[in-house]
Amino acid sequence: MKDPIVEIDNLQKHYGGSKGFFGRVRKPVKAVDGVSFTIHPGEVVGLVGESGSGKSTVGRTLLRLHEPTAGKIRFDGEDITHATPQRMRALRRDMQIIFQDPYSSLNPRTRVIDIVGEALDLLGPLPKAERSERVVQLLEQVGLTGDHLRRFPHEFSGGQRQRLCIARALAVRPRFVVADEPVAALDVSIQAQIMNLLVDLQREIGIAMLFISHDLGLVEFIADRVMVMYLGRVVEMAPARELYANPRHPYTRALLSTAPTVDPRAARARKRELLQGEPPSPANPPSGCTFRTRCPFAVDACAVERPAYRQVGAGHFHACIRDDVAGGQVVPQVA
Amino acid sequence: MNYVLRRAVSAVATLFAVSTLLFLLLHIVPGDPAEILLSGGGMAPSQESVEALRSQLGLDRPLWQQYVTYMGNILQGDLGNSFQDGAPIAQEIVKRLPRTLELILTAALLAVVIGMPSGLLAALRRGGFWDGLFSSVSSFGLSIPVFVTGTLLILLFSQILRLVPAGGFVSFTEDPVQHLIYLLMPAFSIAVSLTPVVFRMVRTSILEFLEKEWVRTARAKGLGERSVLVRHVVRNSLSPVVTVLGLHLGTLLGGTVLVEYVFNWPGLSGMLVQAVEQRDYPAVQGIVLVICILFVLINLCVDLLYGLLDPRVRYN
Amino acid sequence: MLRHFTLIFAVAFLLLIGGMAVLAPLLPLHDPVQMDVMSRLGKPSLTYLLGNDEYGRDIFSRIIYGAQASLAVSLSAAVLAAIGGVALGLLGGYFQGWIENITMRPLDVILSFPPMLLALLAVTLLGPGTGTLTVILAILFIPAYARVTYGEVLSVRNLEYVEAARALGHRSGRILLRTVLPNVAGPILVQFSLVVASCIVLESGLSFLGLGVVPPDSSWGLMIRGARPYMHMEPLGLLWPCLALVFTVFSINRLCDFLRDMFDPKASVAAFTLPGMLAGQRLSRTAHAMSRKAEPDSLLQIRDLTTEISTPRGPIRAIDGVTLQVRRGEAVALVGESGSGKSMTGLSVMKLLPRRIGRIASGEIWYSRGEGENARAIDLAPVPASHFRAYRGRDMGMVFQEPMACLNPVYTIGYQLVEAITVHNNVSKAKAEEMALAELKRVGIPDPERRLREYPHQLSGGMRQRVAIAIALCGQPNLLIADEPTTALDVTVQAQILELLEDIRRTSNIGLIFITHNLGVVAEIADRVVVMYCGQVVEEGSVEEIFYSPRHPYTRGLLASVPKPEDLNSGEKRLASIPGTVPSPLALPPGCRFAPRCSYSTEACSVAVPELEVVTESQAARCIRWKEI
């Protein structure tokens, strides 16, 4: 197996948290609380979680758009956790990001030719004709045309804007892309277009991708491996098929059993593992396993310490102290 | 409670910074402070008078000592003596302050009483006749400097129509009716520039709140249009109005200086203008400090009122 | 019209006075300081256009030179302050941390002085004069720019295009100047004109007090000061400088409003022009609703409903001839993408269309009240919105998408529930609170006693949506319209809310219109499904028919767009997608609205809008080729 392109070790990102004016200590919000994983060249890793789980923060912190609080980030074997701003600028060409909101991710006062062109400029100056030719090439690659060169972002629909964002990210020829909910803001019929585009490009260029989404179906569609996050921690990680076929962590199981499906008979027939309540605030997480307050299988031991990350199959890890949850042999204890 | 405490602490900190700045200003300005203060008439002051002033103000002592004395005096309510007549400044201020306050509060009251209903009407009939009329009048009102309003009011009502006296003052205890007549024009002059501010804020925030989802929810409940308006639109728009009033107090207090001058209203400002003309620095310092305290206190009240109006502020 | 006029006036006046001020030395004007004792306080004449002042100087010439002084001081102060303030604001807003503290904190001290006072203080120390004035005004207005820039930068810096520029590896300096600055330039420009106006006012005020421009130089403030004692003899001498001052400030303010409207439509103060009147006949409005005998079992029957919204670019038909039916206890899902008119259908039924710009153009909304034989159906379409509140809440309740926004932040949960209860029931406050408590329990809120006294922001999103549902159910309605109630919620919470709605529907036997774009949710909750596209119903049927044998190409495309396990097994890794985008409601295609995106379309599709054709007893599709497909 090739060396991983991205290696994250015990990544932490805390926000706020300071001594208050009157000596009152404010607890930091642990948006990311000890996450470790690797991504190999050409691999698509899905990151699933609900809002507030810290999935977007993972994406931005590992690109060092936000500074990590602790942990190590290695890119292509190089430790970039404390790389200088100069070094980071050079590295940024190799790692790109596609954002969720195609409306706020394009500068409203820049024309298409410059949105993509300014990214190209980072690779070195090009003669004007060649530059616009390259821009047209990139536009065509994402399904737009050269007619769009002189236009401003507001003249495009949501789907077209997202195509533009993809073209901008690809302009610097990255080897790794973070796609942060790239289709969440789009209509269903447009979502499919963009998903297909991402799959095609990923296959063509062979870039590695971290695909962040709350939609289990999309992640299953695109990802080779899937990680599930809850309250700043990865609770389960497995190859995509394995995870969907054989979820082990109670949270993953609940997610899968409540995820919407377009099959009404199956939807009504399935046994739903409905969770109680809502995720607690990451500023004040429960002790031990952070999921225990909503977990139907929680026992006293869950509150004691943070559950270890254990391997339960080929490439399948989870962070739950109980092994008897899967398969439903265990009757959930009455909360 | 925590919120009140935080606001109060920040107000005290601001006051501390302001008084320090007032102390330092005299020393930051290039040149010898005593000389600067004496060179008002354009003539170079004599060496003796400079020396005399220096020891009178304690300018010959080290800076930190002067500072400690200054702050100590302020805390005891002693603002020094006037250059002009040697009278204690604090006493004079205490006498004049209520008159200035009366003027400001009357003007603010007028602005709210006129600005709120007209803003509401303009927002509800957006694009209609009243909206057009009020909006035009308000943009004109915003454009007239207070002293011009004052002067023109005198020209019209005192010189041409001869309805009211051109200016002056009688204390309320002496002759309440005459007192109010004297108050009328100055207060109205300030209100002319303050009302448009209130009007615009009310209009914008009503328009904004009308679009809110909770207004739709209130209608969906089956609430009558009047209840929806009063409870879910007007009530919410109070917070921004209070804020904007607080923000404009600075301009308002500046405006009072001019208005008191125009109408001969014996408030703080008359004293201030005279002190500036005479370059009576201790007096200017004292008055500015008091007005700043006033400014900070009113802003503190605004903050607290804001907290009262919006529970989100209180709990964060 | 008036608006345009004042703007033209403002620009013309500024050009005129500015031009004359600049060209003053070249114009054939009297010397502004030359005294003509013979014509003291003289009337306007051919020699002295506006008359003479108290020393016999030419007023017209003094006004022009006064403008020169005023504009020079104000413009240079405004420019100096802009350079300083914008730089501080950009740095403080973009870098934050300690840089923010050293750039922004000191400004708070300046701001805690009323501007006039700080100016007076400086005059005391430095003496009056034009130079002093410029410096003082510049310092005074640095915080104004810094604050505006800072605020704008804060809101822009977290936008994703700035983050994208950082992710690409651009330098901070370049990002600040090329990405951030152009996007905050509008408000800064507005601020600039505001500051110029304020400077002119302050300058004239100080000069009026005799503490600004030093005589014999000319200034409007000085002129007013000089003419004041003589106003009983010669009011014109006072009026001219007043007029010059007021018109100048007015013109700048007007220009500023115009700039603000251009750059920041939200803060617009300009009058709002109603979009063109809606074409077509108005429905006859009657306070007494038409009624007829109800069809058994039917709760709501919408027939041929058309709703128009006027937009600045012309009126659009948000919904166009919608027909649908809801029975008691039935869950009907309205499905569609953005712009399909699904939400507008719900709002039309509730008569909650956007104020003044939306109206029901035609159609009928038959709502059945009463039980069994006595049931009567009423046509709600002609009932004016003002009379409609009798139906809202009691007959039909509505829940909206954003649980964050649908509760008023300044009232407690208890207040908002009690309010909804007392509208429909004449009960005491204590009784109403008791009922509110019961409602909260019914929607599954733990610790309801405490929640009653809490404010919306203290509740989580799911809790808020439960409260919103409780409010909608307070009047025991027979119909609940839920507009994307779970879209803003997480999957696990969404499942809870769906279960709650299902539960309520079963126990209370109420009809439910569930508006959503999420087909998964539809599969979960709906009995019948209505698919909408561009304001029209394109297909309707039972949930099984729609999901297992869809007839309309759009429905098929939508279903195929959702990733399913089969997509993976095919090895191809492709989603079937619908090409193109939803057409603008202002430029709808002729004939079938889906034809341009439809892979089955033929020429016939573009001839006329297809009818909703009956497929089975319960299914219908608006496609002329449904049989072949």
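Q: How many residues of chain C are in contact with chain B?

A: Contact means heavy atoms within 4.5 Å. Here 74 residues of chain C touch 72 residues of chain B. This is a predicted model, where local features need pLDDT of at least 70 and side-chain atom pairs count only at pLDDT 80 or more, while totals for chains, interfaces and linings use all residues. Residues are numbered from 1 along each chain as its sequence is written, chains are lettered from A in the order in which they are written, and side-chain values use heavy atoms, leaving out hydrogens and water.

Q: What area is buried between chain C and chain B?

A: The size of an interface is often given as the accessible area lost when the parts come together. Between chain C and chain B, that buried area (1.4 Å probe, summed over both parts) is about 6,700 Å², with 69% from carbon and sulfur atoms. On the chain C side, C:T124, C:L125 and C:R355 supply 10% of the area buried against chain B, more than any other three residues.

Q: How many salt bridges does the rule find across this interface of chain C and chain B?

A: A salt bridge is a side-chain nitrogen of Lys or Arg within 4 Å of a carboxyl oxygen of Asp or Glu. The rule finds 3 across the interface of chain C and chain B. One salt bridge joins C:D257 to B:R200, with the closest N and O atoms 2.9 Å apart.

Conventions: Buried area = accessible area lost by both parts, 1.4 Å probe.
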